[in-house]
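The following paragraphs lead the reader through a single protein chain, from its overall layout to selected side chains. Please keep the sequence and the model in view while reading.

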Amino acid sequence: MLLKIVYVLTCRILGLVVVLFRGDRAIATEALVLRHENAVLRRQAGRVRYEPADRAWFAALAQIVSRRRWAEVFPVTPATLLAWHRRLAARKYDTSGRRRPGRPPATPSIKRLVLRLARENPLWGHRRIQGELLKLGVAVAPSTVWEILRAVGIDPAPRRSGPPGTSS
(Lines give C-alpha, C1' and ligand atoms only; values in the text may rest on other atoms or scores of the structure.)
Protein backbone atom coordinates (compact mmCIF):
# COMPACT_ATOMS: atom_id res chain seq x y z
CA MET A 1 0.00 0.00 0.00
CA LEU A 2 2.74 2.47 0.97
CA LEU A 3 4.80 1.53 -2.08
CA LYS A 4 1.80 2.21 -4.32
CA ILE A 5 1.26 5.64 -2.77
CA VAL A 6 4.94 6.52 -3.21
CA TYR A 7 4.83 5.31 -6.83
CA VAL A 8 1.71 7.29 -7.69
CA LEU A 9 3.04 10.44 -6.00
CA THR A 10 6.36 10.11 -7.85
CA CYS A 11 4.56 9.76 -11.20
CA ARG A 12 2.40 12.77 -10.46
CA ILE A 13 5.35 14.90 -9.35
CA LEU A 14 7.26 14.02 -12.53
CA GLY A 15 4.16 14.93 -14.55
CA LEU A 16 3.98 18.26 -12.72
CA VAL A 17 7.64 18.96 -13.54
CA VAL A 18 6.96 18.27 -17.24
CA VAL A 19 3.96 20.64 -17.15
CA LEU A 20 6.00 23.38 -15.49
CA PHE A 21 8.57 23.40 -18.30
CA ARG A 22 6.03 23.57 -21.15
CA GLY A 23 4.83 26.75 -22.82
CA ASP A 24 1.66 28.53 -21.71
CA ARG A 25 -0.28 27.67 -24.87
CA ALA A 26 0.49 23.94 -24.55
CA ILE A 27 -0.52 23.96 -20.89
CA ALA A 28 -3.80 25.74 -21.61
CA THR A 29 -4.61 23.31 -24.43
CA GLU A 30 -3.82 20.30 -22.26
CA ALA A 31 -5.97 21.70 -19.47
CA LEU A 32 -8.91 22.12 -21.86
CA VAL A 33 -8.49 18.56 -23.14
CA LEU A 34 -8.33 17.17 -19.62
CA ARG A 35 -11.38 19.18 -18.53
CA HIS A 36 -13.37 17.84 -21.49
CA GLU A 37 -12.22 14.30 -20.75
CA ASN A 38 -13.19 14.79 -17.13
CA ALA A 39 -16.65 16.01 -18.12
CA VAL A 40 -17.17 13.02 -20.43
CA LEU A 41 -16.08 10.58 -17.73
CA ARG A 42 -18.39 12.20 -15.18
CA ARG A 43 -21.34 11.70 -17.52
CA GLN A 44 -20.55 8.03 -18.17
CA ALA A 45 -19.30 6.71 -14.88
CA GLY A 46 -21.27 6.14 -11.73
CA ARG A 47 -19.74 6.95 -8.40
CA VAL A 48 -15.96 7.15 -8.55
CA ARG A 49 -14.00 5.62 -5.69
CA TYR A 50 -10.73 7.41 -5.03
CA GLU A 51 -7.82 5.57 -3.44
CA PRO A 52 -5.77 7.11 -0.59
CA ALA A 53 -3.01 8.11 -3.03
CA ASP A 54 -5.56 9.98 -5.18
CA ARG A 55 -6.96 11.76 -2.13
CA ALA A 56 -3.49 12.78 -0.97
CA TRP A 57 -2.66 14.05 -4.46
CA PHE A 58 -5.84 16.14 -4.73
CA ALA A 59 -5.35 17.53 -1.23
CA ALA A 60 -1.78 18.54 -2.10
CA LEU A 61 -2.83 20.17 -5.37
CA ALA A 62 -5.61 22.05 -3.58
CA GLN A 63 -2.94 24.11 -1.84
CA ILE A 64 -1.65 25.29 -5.21
CA VAL A 65 -4.97 26.10 -6.91
CA SER A 66 -7.00 29.10 -5.78
CA ARG A 67 -9.87 28.07 -3.50
CA ARG A 68 -12.56 29.76 -5.61
CA ARG A 69 -11.51 27.63 -8.63
CA TRP A 70 -11.71 24.30 -6.78
CA ALA A 71 -15.23 23.56 -8.00
CA GLU A 72 -14.15 23.85 -11.66
CA VAL A 73 -10.76 22.18 -11.40
CA PHE A 74 -11.27 19.20 -9.11
CA PRO A 75 -13.59 16.26 -9.74
CA VAL A 76 -14.94 16.50 -6.16
CA THR A 77 -16.62 19.26 -4.19
CA PRO A 78 -14.56 21.74 -2.18
CA ALA A 79 -16.07 20.32 1.03
CA THR A 80 -14.75 16.88 0.09
CA LEU A 81 -11.27 18.30 -0.54
CA LEU A 82 -11.29 19.99 2.86
CA ALA A 83 -12.47 16.79 4.53
CA TRP A 84 -9.65 14.80 2.90
CA HIS A 85 -7.12 17.38 4.00
CA ARG A 86 -8.49 17.34 7.57
CA ARG A 87 -8.23 13.55 7.68
CA LEU A 88 -4.64 13.63 6.44
CA ALA A 89 -3.70 16.24 9.03
CA ALA A 90 -5.57 14.40 11.81
CA ARG A 91 -3.83 11.14 10.98
CA LYS A 92 -0.45 12.84 11.42
CA TYR A 93 -1.27 13.82 15.00
CA ASP A 94 -3.27 10.72 15.95
CA THR A 95 -1.45 8.81 18.67
CA SER A 96 -4.20 6.31 19.50
CA GLY A 97 -2.36 3.52 17.68
CA ARG A 98 0.75 4.11 19.75
CA ARG A 99 -0.95 3.90 23.15
CA ARG A 100 -1.81 0.74 25.00
CA PRO A 101 -4.55 0.56 27.58
CA GLY A 102 -3.63 0.29 31.24
CA ARG A 103 -0.62 1.19 33.29
CA PRO A 104 2.73 1.18 31.48
CA PRO A 105 5.03 -1.68 32.51
CA ALA A 106 7.82 -1.15 35.02
CA THR A 107 11.19 -0.39 33.46
CA PRO A 108 13.80 -3.16 33.39
CA SER A 109 16.07 -1.19 35.74
CA ILE A 110 13.31 -1.03 38.38
CA LYS A 111 12.65 -4.75 37.96
CA ARG A 112 16.34 -5.53 38.45
CA LEU A 113 16.46 -3.33 41.56
CA VAL A 114 13.35 -4.97 43.08
CA LEU A 115 14.75 -8.46 42.45
CA ARG A 116 18.13 -7.51 43.87
CA LEU A 117 16.54 -6.13 47.06
CA ALA A 118 14.39 -9.27 47.38
CA ARG A 119 17.36 -11.61 46.97
CA GLU A 120 19.66 -9.69 49.30
CA ASN A 121 16.95 -9.32 51.98
CA PRO A 122 14.87 -12.52 51.99
CA LEU A 123 12.77 -11.42 55.00
CA TRP A 124 11.48 -8.25 53.33
CA GLY A 125 8.00 -8.24 51.80
CA HIS A 126 6.76 -6.22 48.89
CA ARG A 127 5.75 -3.27 51.11
CA ARG A 128 9.18 -3.07 52.74
CA ILE A 129 10.88 -3.24 49.35
CA GLN A 130 8.59 -0.46 48.10
CA GLY A 131 9.51 1.66 51.13
CA GLU A 132 13.22 1.17 50.53
CA LEU A 133 12.75 2.11 46.87
CA LEU A 134 11.05 5.33 47.98
CA LYS A 135 14.11 6.14 50.11
CA LEU A 136 16.22 5.68 46.98
CA GLY A 137 13.95 8.08 45.06
CA VAL A 138 12.14 5.44 43.01
CA ALA A 139 8.36 5.87 43.23
CA VAL A 140 6.73 2.49 42.66
CA ALA A 141 3.43 1.18 44.00
CA PRO A 142 3.50 -1.80 46.37
CA SER A 143 1.28 -3.70 43.95
CA THR A 144 3.89 -3.22 41.21
CA VAL A 145 6.59 -4.66 43.45
CA TRP A 146 4.29 -7.57 44.30
CA GLU A 147 3.62 -8.21 40.57
CA ILE A 148 7.35 -8.16 39.77
CA LEU A 149 8.10 -10.65 42.56
CA ARG A 150 5.16 -12.89 41.63
CA ALA A 151 6.17 -12.96 37.93
CA VAL A 152 9.62 -14.26 38.87
CA GLY A 153 8.21 -16.79 41.36
CA ILE A 154 9.33 -15.18 44.62
CA ASP A 155 6.79 -15.76 47.42
CA PRO A 156 5.73 -13.09 49.93
CA ALA A 157 8.20 -12.64 52.80
CA PRO A 158 6.57 -14.73 55.59
CA ARG A 159 6.29 -17.85 53.43
CA ARG A 160 9.66 -17.68 51.72
CA SER A 161 11.82 -20.72 52.26
CA GLY A 162 14.98 -18.86 51.22
CA PRO A 163 16.46 -17.01 48.31
CA PRO A 164 15.24 -18.24 44.92
CA GLY A 165 17.50 -20.64 43.12
CA THR A 166 18.56 -22.57 46.24
CA SER A 167 17.36 -26.14 46.56
CA SER A 168 15.82 -27.13 49.87
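At 14% relative accessibility, Gln 130 counts as buried; buried means under 20% relative accessible area, exposed means over 50%, and partly exposed lies in between, with a 1.4 Å probe and protein chains only. Gln 130 is found in helix α7. Its side chain reaches the backbone oxygen of Val 140 at 3.1 Å, which falls under the rule for a polar contact: a pair of N or O atoms within 3.5 Å, where within protein one must be able to donate a hydrogen and the other to accept it, and residues adjacent in sequence count only if both atoms are side-chain atoms. Leaving out residues up to four places away in sequence, Gln 130 touches Val 140, Ala 141, Pro 142 and Val 145, where contact means heavy atoms within 4.5 Å.

The model is predicted, so local features need pLDDT of at least 70 and side-chain atom pairs count only at pLDDT 80 or more, whereas totals for chains, interfaces and linings use all residues. Residues are numbered from 1 along each chain as its sequence is written, and side-chain values use heavy atoms, with hydrogens and water left out.

The overall layout comes next. The protein has 8 helices and 0 strands, and along the sequence the pattern reads α-α-α-α-α-α-α-α. Helices (H or I, at least four residues) and strands (E, at least two) are DSSP runs, numbered from the N terminus. Of the 168 residues, 20% count as buried. Among contacts with a separation of 6 or more, 51% are made by residues 24 or more positions apart. The accessible surface comes to about 13000 Å², and 60% of this area belongs to carbon and sulfur atoms; accessible areas come from the Shrake-Rupley method with a 1.4 Å probe, and for residues only the protein chains shown count as cover.

In soluble globular proteins, nonpolar side chains tend to be buried together. The largest nonpolar core here has 12 residues in all, including Val 114, Leu 117, Trp 124, Ile 129, Leu 133, Val 145 and Leu 149. Such a core is a set of buried Ala, Val, Leu, Ile, Met, Phe, Trp, Tyr and Cys residues joined through side-chain atoms within 4.5 Å. The elements that give two or more residues to this core are α6, α7 and α8, and α6 supplies the largest share, 4 residues. A second, separate core of 10 residues includes Phe 58, Leu 61, Val 76 and Trp 84. Val 140 and Val 145, both touched by Gln 130, are also members of the largest core.

Charged side chains form another theme. Side chains of opposite charge can pair when their charged atoms come close. The count comes to 4 salt bridges, a salt bridge being a side-chain nitrogen of Lys or Arg within 4 Å of a carboxyl oxygen of Asp or Glu. In helix α6 (residues 108-120), Glu 120 and Arg 116 are 4 residues apart, so about one helical turn separates them. They form a salt bridge whose closest N and O atoms are 2.9 Å apart, and Arg 116 is exposed because its relative accessible area is 51%.

Helix α7 (residues 126-135) holds Glu 132 and Lys 135, 3 residues apart, about one turn of the helix. Their salt bridge has its closest N and O atoms 3.3 Å apart. Glu 132 counts as buried at 16% relative accessibility, whereas Lys 135 is exposed at 66%. Arg 128, Glu 132 and Lys 135 are linked in a network of salt bridges. In helix α8 (residues 142-152), Glu 147 and Arg 150 also lie 3 residues apart, about one turn of the helix. Their side chains meet in a salt bridge (2.9 Å, N to O). Glu 147 is partly exposed, with a relative accessible area of 38%, and Arg 150 is partly exposed at 47%.

Two features remain. Arg 35 is found in helix α2 (residues 24-44) and is partly exposed, with a relative accessible area of 40%. Leaving aside neighbours within four places in sequence, Arg 35 is in contact with Arg 69 and Val 73. The C-alpha atoms of Arg 35 and Glu 72, 37 residues apart along the chain, are separated by 8.8 Å.
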